[in-house]
Amino acid sequence: MMRRLLGVGLGLMSSFAQGQASTDTLGMYAQAQFRTVQGDCPQCTALPQTLWYFRHETYAVPTNGLPVSRFDTSKRGAEDIEALNLEALPELIWTGSSQYWPRAVLNDAATEVKTAQDERFDIQLVPKIPSNRSYWNADTSHYFSQSTVSIRGESEGQTLVARTMWPHTFKLDLTASVQPLQSGESLQSLVQFANGGARSPYQSRLLWEKSPGVGQQSSGKTALGILLNGAQGDDDEAHGGHFALATGVVGEEGEYGTWLVNNYYNLATNSEKGIIAGVTPFDKYMADLNSGQAFYRPSYMLVAVFSQPDIPKQIQALNNRVMQHFYRNDLLYDHALENCAGISIDTLRHLGWQVPERGVESVLKASAAYWYVAATERSLQKGRAIYDYLNTEMTRLFPAVAFDAIGNDLLNIAYSGDHRTLASATMRAMPQQLEALYFVRIPQIPSSRAFGLAPVYSFAQYLQQAPADRSQWKIIPVTPNPLPEQLKDDLALKPQVPGLVPLTAILFLISVVLAVALMLWLFSKMYQILTARVKYASHTR
């Protein structure tokens, strides 16, 4: 029989699944604690706002009677850290499918598949979303036929309809010896290798281990993944890349496909690839045939393996709660102020991990750019947008900078035991509990889509990577997806958007006006003096 992804809940079983096989877990939770739901679910305990976003999807919800994440309606997001229940389950996990085959082999043409249970199916792919500009092609078929894969999908008689396909070779190398960063190497250079490494081989590199051989003993231990996705090759609005935090249990052979990724994405628009913000399995996040990140850009992950589950559990618990605020629209996505990097790093900082900040691009540039764009585009809203991009703290704005800051702090903690950035009791245990650090490079899966690049680290680099002539930018249009007004309450009804004219821009304008007025006054005075001298000189002749 084929393996079911989600089964019947086991009542009082602990929600944490350290030590279990990765195929029996969803992140750090036992998969048997969840059940599959397709479409509307009036009897589910998930928020009505959450269910509205997934009303056309297949997803997993906790089995009745098990603790589910709760939140404070007076808070908006990561600040909601009081009474955090580490055993509470996420209210919904977006699996996209009801069945899971952990090991399967495709034929060369990817028309047939053989599972680990020796079942044979004809393969059918889920349809391409009409708005998705690229999809699976012959290169994809050849790519997946080269290794064992895991598949999420649905069986229909002798046909397996595949929605997610993930190479089994994409895993941590638990046999590798430690290979620390060398002179001249940095996390940024690893990310930027071969222009982002979209066509490079998959890489798993053990950067550090607490003691010799510990990294090879990571199987069954909990881990935190710092996940960075690169720039898209066919969208000039996406050179900044994407960012997410992942948690899970390291598989017996180093697998991480069943970890959970906390993906913050704009809920107010319909993604052209069908992406919905949510807690989702790693393999689906990366390799959904329409929305998978690996189909349209290279990706990178820094994996921190811990001896105890406390830190990953706390990070996941808060993200479960923040996601509820997100669905309620208490917290609105903003490409500058509240994007994937900003929301994610906020969860770490509110939990007591004070990841070092990198400052802002320039308040002066932001103020000047505000008035220039507002005047040339005849839009205060566009002026405000450019101001926010240039005046947002860099680790909250750029995914690559967030990855770099978190990663370098982890390396510093690992090598020195320094806990100055660790402010809470749970986080201060990090130097003792951290056992290994891996760097992972995940290449882009070949398809009809253009290959992506490394993400940018600054606004200036963004402008260098995108065409200078904005009319030549490749931009993918999206349609609005507003939450119905009847589903909004409490903080969702209160404005979150800052004023169109920032105070510093007003002060900048006043300063410019005063400076110009002063210069005009000085020129006037100088003119009067010069005129008086000329008159005096003419009278004395």
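1. By salt bridge I mean a side-chain nitrogen of Lys or Arg within 4 Å of a carboxyl oxygen of Asp or Glu. Arg103 sits in strand β5 and Glu253 in the loop between β12 (242-249) and β13 (260-263), so the pair ties together parts that are 150 residues apart in sequence. Helices (H or I, at least four residues) and strands (E, at least two) are DSSP runs, numbered from the N terminus. Arg103 is partly exposed at 32% relative accessibility, and Glu253 is partly exposed at 36%. Here buried stands for under 20% relative accessible area, exposed for over 50%, and partly exposed for what lies in between (1.4 Å probe, protein chains only).

2. Please keep in mind that this is a predicted model, in which local features need pLDDT of at least 70 and side-chain atom pairs count only at pLDDT 80 or more, while totals for chains, interfaces and linings use all residues. Residues are numbered from 1 along each chain as its sequence is written, and side-chain values use heavy atoms, with hydrogens and water left out.

3. The structure holds 24 salt bridges. Among them is the one between Arg328 and Asp489, with the closest N and O atoms 3.1 Å apart. This pair links distant parts of the chain, with Arg328 in helix α5 (residues 310-328) and Asp489 in the loop between β18 (479-480) and α14 (503-539), 161 residues apart. Arg328 is buried at 4% relative accessibility, whereas Asp489 is partly exposed at 29%.

4. Helix α8 (residues 380-391) carries a local pair: Arg384 and Asp388 lie four residues apart, about one turn of the helix. Their side chains meet in a salt bridge of 3.0 Å, N to O. Arg384 is buried at 13% relative accessible area, and Asp388 is buried at 7%. Elsewhere, salt bridges that share partners join Glu57, Arg163, Lys284 and Asp288 into one network.

5. Strand β5 (residues 99-106) pairs with strand β8 (residues 149-156) in the antiparallel sense over four bridges; two strands pair if DSSP finds at least two bridges between them. Tyr100 stands opposite Arg152 in β8.

6. A polar atom of the Arg205 side chain lies 2.9 Å from the backbone oxygen of Gln179. Beyond neighbours within four places in sequence, Arg205 is in contact (heavy atoms within 4.5 Å) with residues including Gln179, Glu185, Leu437 and Phe439.

7. Finally, the cysteines: how many disulfides are there? The count comes to one, taking a disulfide as a pair of cysteine sulfur atoms within 2.5 Å. Cys41 and Cys44 form the disulfide, with sulfur atoms 1.9 Å apart, and their link is right-handed, with 80 degrees about the S-S bond. Both Cys41 and Cys44 are buried.

Methods
A polar contact is a pair of N or O atoms within 3.5 Å; within protein, one must be able to donate a hydrogen and the other to accept it, and residues adjacent in sequence count only if both atoms are side-chain atoms.
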